[in-house]
Number of protein chains: 2
Amino acid sequence: MGEFDLIDRYFKRPVTRNVVGVGDDCALLALAPGMQLAVTSDMLVEGRHFLPDVDPFKLGHKALAVNLSDLAACGAKPLAFTLALALPQADAAWLEPFSRGLLALADAHGCELVGGDTTRGPLNICITAFGEVPAGGMLLRSGARAGDDLYVSGTLGDARLALDVLRGSASLPFELLETARARLEQPTPRVALGLALRGVATAAIDISDGLVGDLGHVLRQSKVGARVETALAAGLMAVPGALDEERQLDYVLSGGDDYELAFTAPLFQREAVQAAARAAGTAVTRIGQIEAQAGLRLLDGNGQPIERPYRSFDHFA
Amino acid sequence: MGEFDLIDRYFKRPVTRNVVGVGDDCALLALAPGMQLAVTSDMLVEGRHFLPDVDPFKLGHKALAVNLSDLAACGAKPLAFTLALALPQADAAWLEPFSRGLLALADAHGCELVGGDTTRGPLNICITAFGEVPAGGMLLRSGARAGDDLYVSGTLGDARLALDVLRGSASLPFELLETARARLEQPTPRVALGLALRGVATAAIDISDGLVGDLGHVLRQSKVGARVETALAAGLMAVPGALDEERQLDYVLSGGDDYELAFTAPLFQREAVQAAARAAGTAVTRIGQIEAQAGLRLLDGNGQPIERPYRSFDHFA
């Protein structure tokens with residue numbers, strides 16, 4: 001199987017929403033009047049972002065999901081994506097399920113594969129995804145204001161817990177592991193929630209490196225601080241009593257790979273936030289408040305400060 | 001140096017032409033009314049696309065140049081790009097010149113770095129570049145018509161010749177090697193020519209896998225054939241008498257890594273083609289003609305068919 005056969009067989013499909021797709025020097029995207037284009041790029045490397053024995057179908061899903069999660073955090077509607085792929089060999093037994101997983105998620109979001117590149121090399125998946133937002137309507141990291149409520153969607157910590165179980169450093173009953181593993185291997189990008197939060201949230205970010213680290217980006221860029229009631233945050237993780245409280249909090253606050261949204265909204269939008277959550281079919285939990293004083297203050301169930309440091313995931317630290 | 005320090009130090013710069021740049025979940029691009037967005041993505045892998053000891057400054061240049069070459073082939077004006085980078089380690093001695101080489105070419109084309117990703121892994125550079133084209137005005141591979149002239153820009157074969165010299169399977173006098181090596185390591189994307197050919201060329205492609213292979217894409221997608229006078233094509237390569245004619249023709253027809261444009265235009269546009277070449281400061285040579293009969297016919301200096309097969313570069317063949 002040559003390079004162009006590979007592209008034709010697994011990745012070339014007619015585009016309907018976009019102007020030109022796979023098979024020219026460039027793909028061509030058109031935007032509706034008044035819309036702007038949100039662009040995000042994520043690179044997944046074997047051994048860093050996924051285990052070597054991961055199901056290729058799930059990997060195809062995840063590679064796109066992490067990009068759609070960035071679009072969601074900006075309130076962008078998915079439009080198209082490119083795929084650049086380095087493969088050790090052209091292996092149909094891998095490419096077939098990988099492309100199915102990738103394109104199933106793409107179809108579910110009306111997000112078309114419009115171009116890319118394939119080459120031989122150590123397995124590397126680089127997706128750049130495009131979404132449309134009304135001009136001036138993108139959800140930014142910099143919009144949080146003192147007094148805003150702080151929310152997170154879904155549950156935090158499950159993916160990191162699953163990773164530790166798969167690595168043998170934690171244990172879970174089988175059914176719970178399956179649930180947590182699905183969170184790790186097939187995260188659900190909160191696209192519908194991001195769209196529903198347009199005009200409601202003041203700032204948003206997707207949680208990929210852990211709540212503490214990613215919330216830190218929002219606080220720095222918004223020039224504010226926050227108080228987080230960790231008892232509320234910790235309550236999000238569906239974990240049995242097997243985990244001690246401290247470790248559970250580690251997972252929730254700095255586990256990473258959550259692909260949930262953290263966002264802020266003014267108090268007067270509380271009903272609108274809940275309506276957005278219902279419309280999107282995604283639970284959201286209010287976990288704290290934005291404050292004028294810089295820094296992140298973590299409080300325990302008794303309102304006492306937690307002084308343990310939590311670090312964000314960093315590929316080079 | 002952590003991941004975010006690395007991004008801040010080497011890759012984060014204020015954007016002026018685009019709406020949101022590095023530092024949010026997505027970058028944000030706006031298009032002028034009546035314009036569409038051309039998108040291309042290229043992934044460069046160590047040992048496949050560049051030698052491990054290549055100068056990082058030149059590598060930064062080349063990583064963007066190969067993408068700008070795709071924009072050029074579509075007649076698109078460079079606007080922005082994203083960079084996803086897998087690095088074995090955060091090495092300032094590599095990152096500093098790499099980012100300088102990358103951003104120098106970007107600045108020369110007014111093409112802003114708006115986002116991307118960094119991770120640890122085997123060295124891999126994935127750039128996705130964006131350019132604007134007037135709606136309906138993109139140069140496609142599918143527009144060649146029987147009777148059109150066939151042109152190439154610049155010279156072909158130099159990059160592959162340099163690679164063979166560096167690998168020890170060919171030799172060149174030092175000054176010529178330097179010239180050829182610059183073609184290999186710092187190709188000049190023909191952006192100005194692509195822009196000047198809007199409304200003049202009927203089809204265009206950038207030559208990255210060799211003239212025969214890339215021209216083949218144009219012929220298949222345009223459902224036509226072509227006759228190429230190889231004596232004209234061979235005359236393009238600035239190589240001394242040291243190379244025998246057959247090998248010289250190999251380099252010219254299937255060397256690869258040329259990043260020149262092959263394009264077609266109707267006979268009545270001959271003067272317009274030459275005017276575009278002058279305006280862009282890039283030589284173009286008419287090397288043959290598009291014909292209704294499918295297939296590519298290579299003719300020697302006496303007009304006799306050359307029957308040797310030439311293959312296009314294929315990462316998986």
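Predicted model: local features only at pLDDT ≥ 70, side-chain atom pairs only at ≥ 80, totals over all residues.

Me: What makes chain A agree with the rule for a compact globule?

Reply: The rule is 2.2 Å times the number of residues to the power 0.38. For 317 residues this gives a radius of gyration near 20 Å, and chain A has 20 Å, so the value agrees with the rule. Along its principal axes, the C-alpha trace of chain A spans about 65 × 50 × 35 Å. Chain A contains ten helices and eleven strands, and 54% of its 317 residues are buried. Among contacts in chain A between residues at least 6 apart in sequence, 85% join residues at least 24 apart.

Me: Why is A:Tyr259 called buried?

Reply: A residue is buried if 20 or more other C-beta atoms lie within 10 Å of its own. A:Tyr259 has 25 other C-beta atoms within 10 Å, and it is therefore called buried. A:Tyr259 is found in the loop between H9 and strand E9 (260–265) of chain A. Its phi is near 55 degrees, a positive value in a residue other than glycine.

Me: What is found for B:Tyr259, and why is it called buried or exposed?

Reply: B:Tyr259 has 25 other C-beta atoms within 10 Å, so it is buried. The loop that holds B:Tyr259 lies between helix H9 (245–254) and strand E9 (260–265) of chain B. Phi of B:Tyr259 is near 55 degrees, again a positive value in a residue other than glycine.

Me: Which residues of helix H9 of chain A are buried, and what follows H9(A)?

Reply: In helix H9 (residues 245–254) of chain A, the buried residues are A:Gln248, A:Leu249, A:Tyr251, A:Val252, A:Leu253 and A:Ser254. H9(A) is followed by A:Gly256, whose phi is positive, near 90 degrees.

Me: How do you know that E1 of chain A and E2(B) pair?

Reply: Two strands pair if DSSP finds at least two bridges between them. Strand E1 (residues 27–29) of chain A and E2(B) have three bridges, in the antiparallel sense. They therefore meet the cut-off of at least two bridges. In E2(B), B:Ala38 is the bridge partner of A:Leu28.

Me: What does B:Ala38 touch, and which residues have the most contacts inside the largest nonpolar core?

Reply: Not counting residues up to four places away in sequence, B:Ala38 touches A:Cys26, A:Leu28, B:Leu71, B:Cys74, B:Ala76, B:Gly131, B:Val133 and B:Met138. The largest nonpolar core has 200 residues, and those with the most contacts inside it are A:Ala38, A:Phe81, B:Ala38, B:Phe81 and B:Leu211.

Me: How many residues of chain B are in contact with chain A, and which element gives the largest share?

Reply: In chain B, 55 residues are in contact with 55 residues of chain A. E2(B) gives the largest share of the side of chain B that touches chain A, namely nine residues. By class, that side has 31 nonpolar, 13 polar and eleven charged residues.

Me: Why is the relation between the chains called that of a two-fold axis?

Reply: Two copies of a chain are related by a rotation about an axis and a shift along it. Here, chain B can be laid on chain A with an RMSD of 0.0 Å by a turn of 180 degrees and a shift of 0.0 Å along the axis. That is the relation of a two-fold axis. The same surface serves both copies, as 100% of the contact residues of chain B recur in chain A.

Terms used. Residues numbered from 1 in each chain as written. Chains lettered and ligands numbered in written order. Helix = DSSP H or I, 4+ residues; strand = E, 2+ residues; numbered from the N terminus. Buried ≥ 20, exposed ≤ 12 C-beta atoms within 10 Å, placed from the backbone. Contact = placed C-beta atoms within 7 Å. Nonpolar A, V, L, I, M, F, W, Y, C, P; charged D, E, K, R; others polar. Core = buried A, V, L, I, M, F, W, Y, C linked by C-beta atoms within 7 Å. Least-squares fit on C-alpha atoms with pLDDT ≥ 70 in both.
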